[in-house]
Amino acid sequence: MTTAAQTAAEAATPVRATSRRAWSPSQIVLTLLGAAVSMVFLSPLLWAVFTSLKAETEAVEVPPHWLPEDWTGQAWSAMFETGNITNWFVNSLVVSVCVTAVVLLVAALAGYGFARTQFRGKGFLMGMVMAGLMVSPAVLGVPLFTTVQQMGMVDTYWGMILPQCAPAAMVYILYKFFQGIPRELEEAAFIDGAGRWRVFFTIVVPLSRPSLAAVGIFTFIASWNNFLWPYMVTNNPDLMTMPNGIATVMNSYGIQWAQLMAGGLMAGLPLIIVFVFFQRQIVAGVAHTGLAGQ
Amino acid sequence: MTTTGAETVIRPARARTAALSATVRSRQGFQHGGWFVAPFLALFTLFVIWPLLRGVYLSFTDANISGDGTSFVGLDNYREAVGDPLVWDALGHSGYFTLLVVPCITVLAFLLAMLAHHIERAKWLWRLCFFAPFLLPSTVAANLWQWLFNPGTGMVNHVFGVETPWLTDKSYAMLAVVICTLWWTVGFSFLLYLAALQGIPAHLYEAAKLDGANAWHRMVHITLPMLRNITGLVIALQILASLQVFDQAVVMMDFGTGPEESTRTFVQYTLEQGFTSYRVGYASAISIIFFVLIAAVALARMWLLRNREEGVR
């Protein structure tokens with residue numbers, strides 16, 4: 001009984017309980033190991049930060065050294081002055097926000113439709129969605145490109161956004177989630193005379209906020225970081241997204257490493273900073289969408 | 001008293017009519033859901049099903065990138081693909097990459113998750129450190145490692161005091177891509193393992209402790225069996241993703257094919273055929289072959305899962 005009460009008390013105030021507990025030898029070893037492994041994981045990122053704060057000539061000195069001898073923001077300012085980087089940043093933002101919004105709306109509706117409603121050909125369509133799980137721009141890039149080309153959407157925002165908006169995986173995840181919601185709530189609302197759309201938007205959507213957040217977060221990360229599709233569909237430097245522009249334009253005329261690292265950090269840091277603040281939600285989101293594949 | 005008496009008489013009848021209209025109404029509510037699915041299906045048809053069908057059609061033609069003068073060539077493209085050594089090479093490179101990445105990432109993700117799970121302090125910090133690389137775009141991770149592996153100015157050789165020609169020697173190039181991929185993507189599988197570890201009920205461990213099981217026994221007899229499903233999932237997702245490798249390899253090799261073409265992946269070869277040689281028909285044929293391969297892996301996993309479930313029953 002006492003142990004149960006203790007664990008309950010610890011669970012109620014986890015932070016205090018852990019910080020007051022004494023360091024056991026095994027915890028010391030594990031924490032040191034964790035710190036060492038973390039350093040290994042972070043060192044490439046630190047190296048990128050330090051490189052971006054060196055002058056171009058210092059960056060390519062042999063042998064290399066970690067800290068800049070002359071700390072300078074030259075690479076950063078040069079990147080903003082000469083390149084299209086702000087353009088790419090805005091493009092990335094526009095594409096990712098649009099893709100996330102459309103995917104959330106469309107996948108939630110479809111997941112609900114498949115989970116709850118009856119219509120002709122449902123089994124067949126569900127089978128098609130399952131088959132669609134195996135199709136990606138990496139697998140069918142060339143036919144997808146010629147399709148988009150036929151629609152006249154090469155080198156347009158539409159061409160970048162729309163093909164990313166039909167992820168069968170997200171429909172499948174939400175489909176499984178909606179199946180788990182008890183039907184009674186919706187039935188009660190129907191009895192009270194609410195229409196189908198009203199039930200969906202006022203009952204189902206608020207109930208599934210965590211799942212929708214998970215899908216939204218995952219979609220945003222995937223879209224922000226997507227390289228292959230924007231790479232195939234745009235050649236216009238003004239339309240490129242961050243990963244695309246950095247990889248193709250900044251790599252093309254003699255790599256300037258300090259600038260390249262600054263650009264990479266600018267593409268990567270927004271998500272990492274967001275992650276620091278919304279860690280719990282993002283971890284839940286990634287784990288949830290991943291685990292739904294089971 | 002009289003009112004309750006009246007109510008008990010009336011209530012069943014009222015309840016019956018209410019129940020009737022309830023089932024009718026809710027049945028109507030759940031009918032004709034086609035409109036819910038329609039927007040998704042429109043996008044899905046345009047950008048998944050149609051390209052798939054179009055790919056099948058194009059694979060039987062000699063279409064070029066502009067689509068003019070297309071004529072039907074039967075199975076010629078497939079025949080050519082089977083005899084094309086570059087197809088086999090590319091498949092070999094993607095397969096080799098998969099063979100290296102999948103076991104490494106699975107073991108590494110498990111170990112990192114065990115570590116992060118068992119350290120009691122600052123849990124958020126370990127999660128942040130191990131997961132952060134996954135948030136970078138693939139091209140940024142690739143550029144970063146290209147820079148780290150750079151001969152002379154690169155930190156990797158400097159730290160280990162060696163002069164390995166990572167990016168310019170056939171025997172190291174794919175290894176360099178693998179190392180970059182491990183660092184970049186292990187965070188995802190790590191999170192899956194971490195979530196699974198947190199889902200193992202604590203009472204199992206407490207019971208085992210009472211029975212005198214030590215830490216090693218608890219891991220072998222509780223943790224590992226409880227993680228079997230998630231391991232299957234991690235391996236399956238990693239195989240499917242690894243076979244489709246493209247971004248890291250091309251960026252690390254400056255959009256080339258690596259030393260002696262040793263990092264030309266399958267995806268890269270299809271894109272070369274389609275966009276560099278303008279042979280859309282041929283590119284479609286090898287894409288379809290690739291699609292069948294990916295589908296076979298996915299179906300094999302579903303088949304394994306079903307067999308296991310039946311075995312449990």
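These legends accompany several views of a predicted model.

**Figure 1. Chain A as a helical chain.** In this predicted model, chain A contains 17 helices and zero strands. Of its 294 residues, 44% count as buried.

**Figure 2. The overall dimensions of chain A.** The C-alpha trace of chain A spans about 75 × 70 × 30 Å along its principal axes. The radius of gyration of chain A is 25 Å, whereas a compact globule of 294 residues would have a value near 19 Å. Contacts between residues at least 6 apart in sequence were also examined in chain A, and 74% of them join residues at least 24 apart.

Figure 3. An unreviewed UniProt entry gives the annotation "transmembrane region" to residues 28–50, 88–112, 124–145, 157–178, 199–222 and 257–278 of chain A. Two of these spans are shown here. Residues 28–50 of chain A are 100% helix and 0% strand, with end C-alpha atoms 30 Å apart. Residues 88–112 of chain A are likewise 100% helix and 0% strand, and here the end C-alpha atoms lie 35 Å apart.

**Figure 4. The contact between chain A and chain B.** Here 85 residues of chain A are in contact with 80 residues of chain B. On the side of chain B that touches chain A, helix H2 (residues 34–58) of chain B supplies the largest share, 17 residues. The residues on that side of chain B comprise 51 nonpolar, 22 polar and seven charged.

Note on methods:
Residues numbered from 1 in each chain as written. Chains lettered and ligands numbered in written order. Predicted model: local features only at pLDDT ≥ 70, side-chain atom pairs only at ≥ 80, totals over all residues. Helix = DSSP H or I, 4+ residues; strand = E, 2+ residues; numbered from the N terminus. Rg over C-alpha atoms; globule rule 2.2 N^0.38 Å. Buried ≥ 20, exposed ≤ 12 C-beta atoms within 10 Å, placed from the backbone. Contact = placed C-beta atoms within 7 Å. UniProt positions renumbered as here; feature names shortened; annotations may be inferred. Nonpolar A, V, L, I, M, F, W, Y, C, P; charged D, E, K, R; others polar.
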